[in-house]
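Hello,

Here is the structure I promised to pass on to you. Please have a look at it first, and then read my notes below.

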Amino acid sequence: MSDRPPTSDVPWWRRGVVYQVYIRSFADGDGDGTGDIEGLRSRLPYLRDLGVDAIWINPWYRSPLADGGYDVADYRTIEPRYGTLEQAERLIAEAKEHDIRVIADLVPNHTSEQHVWFQEAVAAGPGHPSRQRYHIRDGRGPDGAEPPTDWVSVFGGPAWTRLDDGQWYLHLFAREQPDLNWDHPEVRAEFEAVFRFWLDRGVDGFRIDVAHGLVKDPDFPDLQAEAQQILGSPKEANHVHWDRDGIHDIVRDWRRVLDGYDDRMMVAEAWVAPDRLPLFIRPDEYHQSFNFSFLEAGWKAQTFRTVIAEGAAAAAAVDSTSTWVLSNHDVMRETTRYGLPAGTNWRTWPITGPADALDEAAGLRRARAAALLLLGLPGSAYIYQGEELGLPEVWDLPPEVLDDPVWERSGHTQKGRDGSRVPLPWTADGPSLGFGSGEAWLPQPDDWAALAAAGQAEDPGSTLSLYRQAIALRRRWGAADEDLELLDLGPDVVAYRRGSGLTCVVNMGTEPVDLPAHRELLLASDPGVAGAAATSLGPDGAVWLS
Ligand code: TEU
């Protein structure tokens with residue numbers, strides 16, 4: 001067991017630091033270019049030293065990887081490229097020895113087209129009961145040649161694909177991801193069994209994919225939407241297929257299953273309006289739901305102040321805690337996002353440019369400051385692999401290596417999300433910078449050698465050292481209470497004080513700002529940003545004071 005002091009007696013997930021492992025790109029144990037369970041297991045000491053409480057592992061189930069594993073063919077087996085069930089069990093056990101909890105990623109909105117249910121439904125033909133587990137319907141117009149509705153896929157293009165026998169199936173994401181019918185009792189029963197399968201194998205929690213999906217308007221009306229933004233997040237309550245009230249019954253069933261086990265949790269990936277988020281974290285539903293407004297805020301103090309106040313209040317209203325997140329495998333890495341001019345559409349910018357709009361140095365400074373903003377807040381903090389290395393988005397990946405279905409489905413108007421999924425650099429040399437013994441499935445930029453974890457671990461001024469120090473200090477200063485007081489230090493400043501006495505100040509303006517009186521400078525986002533006397537704070541800087 002590790003010798004770290006327990007933070008408190010409240011449930012671990014209420015205040016934990018959760019590290020997101022995009023398994024395909026974390027560490028490759030067998031040299032085939034794809035990350036895997038053995039690679040992850042070999043890096044558990046790194047995660048222990050970073051100080052995280054838990055890891056969330058992106059889907060590791062058997063999958064053709066048409067959408068990076070969010071197309072699950074079998075929820076009870078491990079994708080052979082990632083390893084075996086025995087290896088998964090060993091990983092869970094070893095993580096526990098390091099005091100690291102494991103959160104699995106469950107995908108209930110859709111399966112892979114290779115799931116046995118979908119294969120059966122396709123083979124059986126129209127009218128067969130197996131078709132009712134999905135949304136498979138007749139088309140409209142002469143010969144049913146028009147899709148049943150005008151709905152569009154989140155990844156671009158129509159949300160319906162026609163089968164050879166003439167019927168159409170719904171897929172809100174890629175063609176390879178047919179949506180399940182959650183009105184079907186077998187679908188509900190199967191997922192309860194899948195929850196139990198993984199709970200019995202010791203997982204501590206679940207991240208639930210597309211928690212705002214699942215339920216569709218039974219009348220299947222047209223949307224008549226002008227155009228849906230690709231990878232956009234329409235935050236409309238009771239939309240025809242998002243954030244429908246019927247979701248909550250399903251969630252309550254899942255919660256009953258989890259409550260039959262000790263100390264387990266589930267976190268919702270719900271892209272919903274801020275005022276709808278509390279509904280997902282009522283006491284008999286999810287334990288947490290990502291606060292994506294925090295991620296979506298640009299480098300603007302007013303926006304962050306509002307988002308923090310609203311997020312904390314919304315969680316407190318239902319006796320939950322907020323779940324802060326700056327980045328994940330679906331969005332441009334914040335080091336690049338914060339380096340782009342305010343208002344830039346970062347989904348399209350890698351294609352539209354202009355490339356010289358990017359200020360990489362400012363982006364990194366701001367990302368480091370944002371880390372202190374994030375890690376000082378009460379509630380839980382999710383960090384995405386590579387964030388602790390200050391990795392930028394690889395926005396200039398050559399088109400021929402792109403793997404995200406978004407690239408093709410968007411008609412090449414968006415490159416997609418591969419730029420945030422490039423395998424991690426562990427060492428300054430080797431064929432894939434220590435990721436594995438061979439080439440990585442996506443190419444790493446040459447200058448990532450300088451960002452490798454091994455070098456950063458030795459450098460006290462590195463981004464990795466900053467994260468390590470911040471997470472260690474958070475145990476002492478940030479975890480003991482859920483108190484939060486926002487301070488007014490001017491229009492360009494985000495500042496708050498915690499009940500412990502920790503004060504966090506972030507300067508999002510262009511001029512230095514005065515720091516409040518304090519006893520000690522605990523941590524600064526960049527050496528020198530607060531000067532020797534720590535009386536003022538430079539632009540794009542953050543400090544923790546006591
Ligand atoms: O993402 C769900 C989802 O809705 C996102 O695509 C969202 O629209 C976008 O990121 C908002 O900016 C989840 C997974 O995280 C993603 O990787 C999968 O591709 C998707 O579900 C389908 O399973």
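Predicted model: local features only at pLDDT ≥ 70, side-chain atom pairs only at ≥ 80, totals over all residues.

**What I found**

D49 is partly exposed, with a relative accessible area of 43% (buried means under 20% relative accessible area, exposed over 50%, and partly exposed in between, with a 1.4 Å probe and protein chains only). Its salt-bridge partner is R48, with the closest N and O atoms 3.2 Å apart; a salt bridge here is a side-chain nitrogen of Lys or Arg within 4 Å of a carboxyl oxygen of Asp or Glu. R48 also counts as partly exposed, at 29% relative accessibility.

Residues are numbered from 1 along each chain as its sequence is written, and side-chain values use heavy atoms, leaving out hydrogens and water.

The whole structure holds 42 salt bridges. One of them joins D319 and R14 at 3.8 Å, N to O. This pair links distant parts of the chain, 305 residues apart: D319 is in the loop between α10 (301-317) and β12 (323-325), and R14 is in helix α1 (residues 12-15). (Helices, H or I with at least four residues, and strands, E with at least two, are DSSP runs numbered from the N terminus.) D319 is exposed, with a relative accessible area of 56%, whereas R14 is buried at 12%.

R15 is buried, with a relative accessible area of 12%, and E482 is partly exposed at 31%.

Now to α16 itself (residues 463-478): it has 16 residues, but its end C-alpha atoms are only 20 Å apart, short of the 22 Å that a straight helix would reach at 1.5 Å a residue. That expected span is 1.5 Å times one less than the number of residues. The helix is mostly covered, with 12 of its 16 residues buried, among them Y467, R474, R475 and W477.

Finally, D447 lies in the loop between α14 (405-409) and α15 (453-458). D447 is exposed, with a relative accessible area of 55%.

Best wishes
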